[in-house]
Each structure stands twice: as C-alpha cells, then as structure tokens.
Amino acid sequence: MNIESKLRFSERSFSECLIIPFFEDKVPEIAADIDIDKRWMVSIENKDFFGKKKELSLLYVNGEKEKRVLLLGLGKKEDINLESIITCFSEGIKRCQSLKIDNISIAFPKKCEVKDLYRILLESIFLSNYLYHKLKRDSLKDEKVKLIEKVEIIGVKEDKELIEKIKTLTISVNLVRDLVNNNADDTTPKRLADLAEEFSKISKKIKTTVFDKKRIEKEKMGLIQAVNKGSPREPYFIVLDYTSKKSNDRTVLIGKGITYDTGGLSLKPTTSMETMKSDMSGAGVVLGVIYAVAMLDLDINITGIIPATENAIDGKSYKPGDVYISYSGKSVEVENTDAEGRLILADAITYAVKKLNPSRIIDIATLTGAISIALGEEIAGVFSNDDKIWKMIKKSAESTGEKVWRMPLYDGYREKLNSRIADIKNVGGKEAGAITGALFLKEFTEDIPWMHLDIGGCAYYKKPKGLFSYFATGFGVRLIFDFLEKLKNEI
Ligand code: BES
Ligand code: ZN
Ligand code: ZN
C-alpha cells in the first residue's frame with residue numbers, strides 16, 4: 001500500500017472514497033480542519049448519523065473529486081484517545097475494503113488531542129489492511145473484500161521517514177501473521193531456520209547459527225529433545241545475533257516455536273487443537289522484531305533465540321510421568337506433555353544464561369490458555385523480576401496500543417511445581433495456570449533481569465477486532481520494537 005499526505009484540502013487527488021471523521025456533539029463537528037460541501041451533511045440533518053464511536057454513513061456524491069464520502073464517527077471529543085483512533089479508523093478502512101475500492105483519501109482528524117496522532121493514524125491504516133487469502137481459490141477474486149492500495153491523508157504535512165518506518169514495521173508484523181496463518185506443514189521448524197538464515201543475507205549485522213537435531217543432542221538440550229520425540233520433523237535451535245553497538249549491553253529475545261501443538265500424549269480435545277498452528281507466534285515475533293531492528297538499523301545489540309519443534313503424537317512421543325534432564329542440568333518430571341512450551345523455553349533460557357552474557361532476557365510465548373481466561377484476547381500477561389523493564393514495556397504498551405498487564409510471580413505458588421521424583425515438574429495444577437507457567441521459567445533465569453510475555457490470548461483471533469483481521473494478529477512485534485527503541489536511549 002502506498003500512503004501520501006497533502007496539506008491542503010483543495011490539493012487532494014481524485015479517489016474512490018473520502019473518509020471524514022466527526023465528533024459526537026450536539027451539533028456534530030468535523031474532527032478535520034476542512035471545509036466540506038454542505039450537502040454532505042445530509043445524514044446528519046436527517047438524523048441518520050450522530051458521530052458516535054465507530055458509526056459510519058456512506059454517501060454517493062456527484063461532481064466532486066471523490067465518488068463517495070464516508071462519514072466516520074469518533075465518539076465524544078473528550079473521550080478520544082489512541083484506542084478510539086485505532087478502532088474507528090480501522091472500521092473505516094474495513095468498510096472501504098468491503099466496498100472493494102482500492103484508492104481512498106482520509107481527512108486528518110487534526111482537532112483530536114491525541115499524542116502522536118499522525119503515527120497512530122498511519123499504523124491504523126497500514127495494519128488493518130491485511131487479509132490472509134492465499135488458501136482461497138482464485139485468491140481475492142471470490143472475496144467480499146479487497147485490500148486498499150492507495151491512501152491520501154489530507155490536512156497534514158507529509159513525513160516520508162515516518163511513513164517508511166511504519167511500512168517496515170507493517171512488513172514485520174505481516175511476516176509474523178503469514179507465518180502463523182500458513183499451514184503448520186509449511187511453517188515447520190526447518191522453515192523457521194531457513195528464514196533465519198535468509199536474514200543474515202539481508203543484513204551484515206545479523207549472524208545466524210542453527211543447531212540441528214544432532215547438535216541439540218550433543219549440547220544435551222534434553223527438554224527440547226523430549227518434546228520433539230513424537231515428531232517426524234527435526235527440531236532446530238535457531239540463534240540470530242544482531243550487533244550494532246560497541247557495548248556489552250545485549251538483550252536476548254526468546255520466542256516459543258512450537259509449529260503445531262497437539263498436546264502430545266496428553267492430547268488436546270478437538271476444538272482446543274484447531275488454533276494450534278499459532279503456537280509458534282512467539283517465534284514469529286522474534287523473527288519480525290529482528291527483521292525490523294535490522295531494516296531500521298537500530299543501534300542496539302540483540303540476540304533472538306527460537307527453539308523450534310512440533311509437539312506431535314506418536315509411539316515415540318515423550319511420556320507423562322517420565323523425567324527428563326534439562327540443558328541446565330535440572331531434572332524435570334513431565335506431568336503433562338501439553339505443557340511443552342515451558343520445556344523448550346527453559347532450555348533456550350539456559351542457553352542465553354550460559355553462553356550470551358545477557359543484560360536482560362525477554363521471552364514471548366503462547367504459553368497458557370489460562371492467561372486468556374485471566375486477561376482476554378487484547379491484553380498480554382507480563383511476568384518480570386525487574387521493575388525497570390516492566391515500566392518500560394508498560395510505556396511501550398501505552399504508545400503502541402498493544403496492551404499488557406503485570407501478573408504476580410508469587411513465590412508461595414512455587415510449591416505447586418514440587419516433584420517427588422525430580423527437581424521440578426512442568427505443571428502446577430489448574431489454578432493460577434499462567435503464574436505457575438511463569439514460575440517454571442523463572443527457575444532457569446538465574447536472576448538475570450527477565451520478562452515473560454504470555455500471549456496465549458492475543459496471538460490469534462477467531463473474529464477480527466480493531467487493527468486485527470481474522471486469525472494471526474502479529475501481536476508483540478510493535479510492542480517489543482518500541483521497547484527496544486526506548487532502550488536505545490537508556491544504554
Ligand atoms: N499452546 C498451549 C497454550 C495455549 C492454549 C495458547 C490456548 C493459546 C491458546 C500450551 O502449550 C498449553 O497447552 N498449555 C496448557 C498448560 C497446562 C497443561 C498446564 C494449557 O494452557 O492448558
Ligand atoms: Zn501445549
Ligand atoms: Zn503450546
């Protein structure tokens with residue numbers, strides 16, 4: 001998609017539809033600073049349109065630069081914030097997509113007192129313009145919607161650099177969305193490894209190292225091996241080093257790369273398994289973030305790690321009740337083979353601790369279903385042993401709209417993971433499932449500043465919402481990228 005801006009209303013180009021934002025007030029006021037044709041107020045005069053949040057009214061106009069005008073309600077002026085801008089403009093974009101038009105203009109809602117309004121508007125437009133349609137016959141021809149190709153924003157000075165930056169971030173988010181949405185038989189551990197290798201060809205600052213099955217065995221990454229046992233596909237342990245800054249500071253970002261989660265012998269029920277190709281969303285976020293960091297040339301050092309395998313079911317599958325030795329040396333009783341994410345992450349965290357001298361470790365994972373019971377589909381759970389990085393991620397959530405909530409690493413629940421046969425077991429019972437998952441990971445962090453993002457609720461939508469279309473959301477890329485940008489100023 002191509003986005004341009006024109007400062008003056010009279011300079012605007014011809015388009016299929018002009019979106020005009022309105023406030024909900026007694027006499028509806030236009031949120032943009034433009035002088036529009038009085039005839040376009042017909043829906044308002046007839047009390048068909050009030051400017052309520054997400055309200056839309058479509059008019060066909062004659063003899064103008066546009067064929068249609070779409071009145072877009074933003075809600076009450078005093079209630080407008082980042083969230084409502086994202087929600088309302090995504091709604092406008094979706095309406096245009098369903099009209100099957102590909103060239104639109106948008107009047108900039110200048111009168112809204114929202115910080116970084118231009119950036120948020122650009123993000124809303126770029127990110128809501130995504131559809132996964134590859135697997136449909138004749139691709140978009142049969143679809144009820146069409147992607148938008150050209151947008152002109154009217155009433156704001158163009159910022160080319162910002163547009164390019166958001167384009168790059170959108171490519172990174174859509175990379176994750178595509179990886180997750182593709183069949184699990186396409187997005188395999190090998191595919192993730194190949195992509196990571198490709199990254200080292202597009203940037204000199206990226207060095208990729210891939211451990212295959214033999215090397216994983218040699219290293220004694222016993223938990224990754226255990227989870228992989230039931231799968232006909234090899235596991236890969238993928239490391240992407242990005243080095244730009246002459247400093248010892250290094251962030252390690254680890255993503256759960258379960259390319260399909262059947263639950264293993266503790267088999268998932270049919271309906272719970274349906275969305276489990278999304279269980280590599282954390283791995284996708286690692287690739288998306290490293291791509292964005294490299295393309296936007298961020299002056300930081302970061303290492304991405306992806307432990308990648310399927311959690312498949314087979315005669316060779318790892319077994320509930322058996323004990324496996326982790327890369328750290330700690331023995332782990334596997335009480336439930338469906339709690340596999342924490343197992344592969346534990347070995348990855350140990351690798352970071354042993355080999356990378358990290359300043360901080362961040363892991364991102366579709367770790368539990370319990371987190372979506374607690375926080376729903378829009379808020380990621382954050383568990384951290386470090387107040388400073390928690391405060392930073394909270395700020396990033398506020399500026400990106402990817403929401404987070406801090407969850408407790410409550411010590412008192414550690415005993416739920418006590419095992420009679422091993423150093424620790426991998427599940428702690430039904431209650432506080434997201435917390436015990438995080439407490440399990442904490443055991444391997446050796447008190448390095450660490451943050452665990454549980455995106456079990458946010459990674460995959462059955463229904464579109466806001467910026468997010470059906471299925472994979474790509475949640476986490478913008479959040480972590482923003483965190484790293486803030487970090488750049490701190491180190
Ligand atoms: N991948 C799942 C978690 C998940 C479930 C993510 C639903 C997104 C949506 C994870 O591997 C898992 O199965 N976790 C179990 C843990 C339990 C066995 C302790 C869960 O959440 O039920
Ligand atoms: Zn599982
Ligand atoms: Zn899983």
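Entry 1: I worked from a predicted model. I traced six strands in an open sheet, ordered β1-β6-β5-β2-β4-β3, with mixed pairing. At the edges I found β1 (2–6) and β3 (56–60), each pairing on one side only. I took the twist next; it averages 20 degrees from one strand to the next.

**Entry 2: helices on the sheet.** I looked up helix α2 (residues 82–98) and saw that it packs on the sheet, touching β2 (15–22), β3, β4 (66–73) and β5 (103–107). The direction of α2 makes about 150 degrees with that of β4. Helix α3 (residues 117–128) also packs on the sheet, and I list β1, β5 and β6 as the strands it touches. For α3 and β6 I noted an angle of about 160 degrees between their directions.

**Entry 3: β1 and β6.** I checked β1 against β6 (residues 150–154): the pair is parallel, with five bridges. I followed isoleucine 3 across to its bridge partner in β6, valine 151.

**Entry 4: the zinc ion (ligand 3).** I listed its donors as Lys256 (NZ), Asp261 (OD), Asp279 (OD) and Glu340 (OE), at 2.0 to 2.4 Å. I call the arrangement octahedral because the six donor atoms subtend angles of 78 to 174 degrees. I wrote the donor spacing in sequence as K-x4-D-x17-D-x60-E.

**Entry 5: burial.** I looked up lysine 256 and aspartate 279 and noted both as buried.

Terms used. Residues numbered from 1 in each chain as written. Chains lettered and ligands numbered in written order. Predicted model: local features only at pLDDT ≥ 70, side-chain atom pairs only at ≥ 80, totals over all residues. Heavy atoms only, no water. Pairing = 2+ DSSP bridges. Helix = DSSP H or I, 4+ residues; strand = E, 2+ residues; numbered from the N terminus. Axes fitted to C-alpha atoms, helices over the stretch in contact; angles between N-to-C directions. Contact = heavy atoms within 4.5 Å. Donors = N, O, S within 2.8 Å, 3.2 Å for Na, K, Ca; no water. Tetrahedral: all angles 85-135°; square planar, octahedral: opposite > 155°, others 65-115°. Buried < 20%, exposed > 50% of the residue type's maximum accessible area, 1.4 Å probe, protein only.
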